[in-house]
Each structure stands twice: as C-alpha cells, then as structure tokens.
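Hi,

Here is the structure I promised to pass on. Have a look at it first, and then read my notes below.

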Protein chains: 2
Amino acid sequence: MASTKEERAFLASYRPGDFPRPAITVDLVVLTIVDGALEVLLVRRNEHPWKGAWALPGGFLRVGDSREQQGEDLDDAAQRELEEETGLSPKQVYLEQLYTFGRAGRDPRMRVVTVAYYALVRPDLVPLVRPGGDAQAAAWQRVADKPRLAFDHAQILEVAVERVRGKLEYSDLAFALVPATFTIPELRAVYEAVKGTTYDPGNFRRRFQRLLSDGIIERAPGKRITASKPAVIYRLRKR
Amino acid sequence: MASTKEERAFLASYRPGDFPRPAITVDLVVLTIVDGALEVLLVRRNEHPWKGAWALPGGFLRVGDSREQQGEDLDDAAQRELEEETGLSPKQVYLEQLYTFGRAGRDPRMRVVTVAYYALVRPDLVPLVRPGGDAQAAAWQRVADKPRLAFDHAQILEVAVERVRGKLEYSDLAFALVPATFTIPELRAVYEAVKGTTYDPGNFRRRFQRLLSDGIIERAPGKRITASKPAVIYRLRKR
DNA sequence: TCAAAAGTGTTTCTCGTACACCCATGT
DNA sequence: ACATGGGTGTACGAGAAACACTTTTGA
C-alpha cells in the first residue's frame, strides 16, 4: 500500500464514526456421510431465542478494538469454530466460505450478519469428533430428514447442500467425503447420498477410472471385504 | 418462529453485549461489455486512505439501532448502492452476491468486513448510467488492463471475473451482458470477452440455436447491418 | 449353489471440435 | 470483383446412458 506522510497523519487522527454496526457471526454447515446418507452437525440451543431448537454451530467474529489490532480473519474464525465444535484440525477437513446471510430481523435480539461456511468431514474422522467445548449437546442429523432449525439455518443448510451438489460434478469435492482409502462403490455412495439419485455402477466406475489413468487416484494395497465380491481399494494420490 | 411468553420476556430484557463490532460495507463489481471488452465501473477516492486511487463503488450497510428496526437487508443495500452509483434500476440489472472479504487489516482505518456483489449491465444501458450522487469521479475501465485498485479490491474484481467466467458455461448469465436484442455473433463476442478465448463461429452458433428450438430465445424482426452479411436478430423470450 | 454386488463389454446417442464451404453485403 | 464475416454441412472422437453379461465372494 502507498503510505505517504499525509496518509499516516490521516490514519493517526482518524476516529471511526459512532454509527450502529451489526454483529457478525460465522456459522458452520459441517457435513459428512454416515451409512450412505448425508448428515449435518447440529447443536441444541440452551438460550433464548429458539431455546431448545437445533441450530448450526457458530459464533461471533472476534474483532479487535484498535486500528492495529483488528482481530481475526474471517477464514480464521471459521477454522477456529470448526476446531472448537469438532476438535478436528482444519487441515483434515475441507472448509470453504458458502454465502453471507444478512436479512434484517433474522435474529430477534439484534442485527446479525452471518457469514456461513461449509465443511466436509471424511467419515473415518467422525468417531474422532468430540463436540463442543461449549458443553452444548451436539448431534449428527440426516439432512434428508429436514430437521427444524433455529433462525434461518434451514435456508443456510439448503444453500450448502445445493453448493456441494453442484460442485460434486466439476471438482474433487467428493474425495473430502470419503475415507482416506476408498473403493469405487464407496465413492459412488457419496454421489448418491449427495445428489439423491442412483448411478449405474458400471458407468460410474468407468468415469472414475479415467481419474486413475490421469494419475489423480492410485491403487492402494488390499481389498475391501464386503457382503459379496471384494472391491479394489484406491486412494487420492498425494502430489 | 415459535414465540412463547418466556421468549418474549427474554427478548424484552435482552441487552446486546458491548463487544467491538466490525463495520460492514457492501461493494459492487459492476461489469459490462464495451467494444468487445469486459469493463468495470470504478470510482476515484477523494479521501484517505488510498486517496486518489480507483476503487470499487460501495458503502456501509445501514443498520438500525433497535431490535425492531434492524436496518436494511444485505441484498437491499446492494440494490441501493447500485442505484446510487449508476442510476439504474435493479430491475434492469443482474445482481448477485459474490463473496465476503474479511481479512483483518484490509482497511487501515478500522475493522471492515465487505460483502461483495457483482452486477452485469447490458451495454445498451451504459449510456444511461449517470454515475455517483457522491459527486465522485467514476469511469469504466477495461478489466484486462488490470487497473491498480485501493484496498483488496483488485482481488475482489478477480474473484468476480472468475465467477462470471464460470457461470457463463452453465447459466444464462451471458444474456445479461448483451443488448435486449442481439445477434449470435454479438453473443459470441460476450463469451470471447469474458473468457478471453475465441470460439469457432459455426460451432458457437449451433450451440445457441439449441436455445432457439428450446424456446429460450426467439427471433426478433429485422436484421443487424454489419460490415458484411447482415445478421439475424434474436431476443430473450419473456416467460 | 445361490444371492449379491464388483467389475467388463457393447451399443447407441449426444455433443464438442475441426474445418471446408456457401451466402449476402459494402466497398 | 472481392474481401469480410454471417451462416451451413460434414466428419470424427469423447463421453454419457442403457443394459447384458461375467466374476468373486459370503451364506
């Protein structure tokens, strides 16, 4: 940034206006696949408003009170929330900003603008999730069950699922919802859970074998024992 | 919303905590096509910081100071800004939320979280644009020229162009960047300006003639006189 | 030996791409 | 008449979809 003497003087004497400001929260849509179904991590509110209702985990953005100490980055706040709510390191989890919800009146207490993020947790990490330092009840619930949620969280969840559904097609998002090693049928189950449709096993397999020849995925040793014919195991190739 | 007596009592006695809050601005990436090139509407800052630099138009979200009067919706703020900066009615313009930028320190004055929106203005509306009630200098500038911008606005612009580039492929966004009546070559010019590549005229035409048979677009009377063979005129079919 | 699910083969159709070619106009 | 760009024809290849078939296991 161009920093002239004049500009430094301006900043030194700058006093922010005393107009009302909204609170900013960062809310998380934490998704995973359990038993072939898409599930979302919810917490039970034990405060008004919406006391007793299920809600998306989230919290306030930490804002500093000076020009120099402005607080945490928005992305850092999302990572911190994720870690607080799940105990999982952000490194293990796919985390991306989703959308910002800023309708007036969406929180009856005060003006709150919520920057929503969504996170995809591999199912093999789900047992490691130790929910909430906030000692609030947390639970995975099936998205398909359309749980009633506090505030406009049902809408946020819907937007998140839409987003994941769309990105599945043209990104490697699916690999964030599958264990570190996986079979093609397992990958297919992820697609079917998210998209809510079925895929022809043969055609699906071929589609992802292209990834194999492109070097995106590679064979892992062993076979997955199933109820029928064992399946070959793959993993994402590290680069 | 479930509103019990207990909840109403809670709200009546609720006093928001006195923790620091960020300011929220809504910034606009207003794009159009001029002479086959993608251009963005910029305003010149006449205040510190970044005095004299070009910046994206934008302004503060108006927040009420009570529970009942919480101020304007985020989307309404974007529409208001658009109208203030261009004089165009939001009805004539495609407007969509882009992304929220909340790095600490991105504004040296104070903590500012910016919710960015992008707008697509049809080139036939560009002459109607009467910039800024703020009496600040405004100008269209070519995106390809990579103008130096204040704050992190260059990054915001980049994200916007990326978004438009992506959505061109699977949405009807292109029709928001073309006059009310248009020819296939004009539509192609939009694609080429946004994507930065060239398209085979024959193949491009066929691709969009599918829209014709699908009833998305229809023939409009007359032909566009060009330097060579006149082109058939189409328009989006209203539904 | 049978059910079930992994995995292969084959055919058909659609669509993107490349490229040759024809057509209508201004100069 | 010819350059220019609109518009058409055609052929090829990749990939999606439908579906029959083979293989390998557990029960």
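The surface near DNA strand D has eight nonpolar, seven polar and five charged residues by class; here Ala, Val, Leu, Ile, Met, Phe, Trp, Tyr, Cys and Pro are nonpolar, Asp, Glu, Lys and Arg are charged, and the others, Gly among them, are polar. A residue counts as near a strand or molecule if its C-beta atom, placed from the backbone, lies within 6 Å of it. At least two residues each are supplied by α5 of chain A and by α4, α5 and β10 (231-236) of chain B. The element names are DSSP runs numbered from the N terminus, with helices being H or I of at least four residues and strands being E of at least two.

Before going on, bear in mind that this is a predicted model: local features need pLDDT of at least 70 and side-chain atom pairs count only at pLDDT 80 or more, while totals for chains, interfaces and linings use all residues. Residues are numbered from 1 along each chain as its sequence is written, and chains are lettered from A and ligands numbered from 1 in the order in which they are written.

Now DNA strand C. It is surrounded by 20 residues, the closest being P185(A), G202(A), S228(A), G202(B) and N203(B). The elements giving two or more residues to this surface are α4 (184-195), α5 (201-213) and β10 (231-236) of chain A, along with α5 (201-213) of chain B.

On to the protein-protein side. The contact takes 36 residues from chain A and 35 residues from chain B, where two residues are in contact if their C-beta atoms, placed from the backbone, lie within 7 Å. On the side of chain A that touches chain B, α1 (5-13), β1 (23-34), β5 (94-101) and β6 (112-120) of chain A each supply at least two residues. That side of chain A has 18 nonpolar, eight polar and 10 charged residues.

Within chain A there is a division into domain 1 (20-167) and domain 2 (179-239), with bounds that come from an automatic or database domain assignment. The C-alpha centres of these two domains of chain A lie 29 Å apart. Nine residues of domain 1 of chain A are in contact with seven residues of domain 2 of chain A. On the domain 1 side, β2 (37-44) and α3 (153-170) of chain A are the elements that give two or more residues, and the classes there are five nonpolar, one polar and three charged.

Then the helix packing. α3(A) and α4(A) pack at an angle of about 140 degrees, with their axes 9 Å apart. Axes are lines fitted to C-alpha atoms, for helices over the stretch in contact, and angles run from 0 to 180 degrees between N-to-C directions. α3(A) and α4(A) are therefore oblique to each other; under 35 degrees counts as roughly parallel, over 145 as roughly antiparallel, 65 to 115 as roughly perpendicular and the rest as oblique. The crossing of α3(A) past α4(A) is left-handed, that is, the near helix is turned anticlockwise from the far one by less than a right angle (clockwise would be right-handed). V164(A), R165(A) and L168(A) of α3(A) meet Y191(A), V194(A) and K195(A) of α4(A).

In chain B, the axes of α3 (residues 153-170) and α4(B) come within 9 Å and cross at roughly 140 degrees, which makes α3(B) oblique to α4(B). α3(B) also passes α4(B) in a left-handed crossing.

What about α4(B) and α5(B): at what angle do they pack? The angle is about 105 degrees, with the axes 10 Å apart, so α4(B) and α5(B) are roughly perpendicular to each other. I184(B), P185(B), L187(B) and R188(B) in α4(B) meet P201(B), F204(B), R205(B) and F208(B) in α5(B). That contact divides into six nonpolar, no polar and two charged residues.

Last, some backbone details. A cis peptide bond joins H48(A) and P49(A), with omega about -10 degrees, and P49(A) lies in the loop between β2 and β3 (54-55) of chain A. In chain B, a cis peptide bond joins H48(B) and P49(B), again with omega about -10 degrees. W50(A) has a positive phi of about 60 degrees although it is not a glycine.

Cheers
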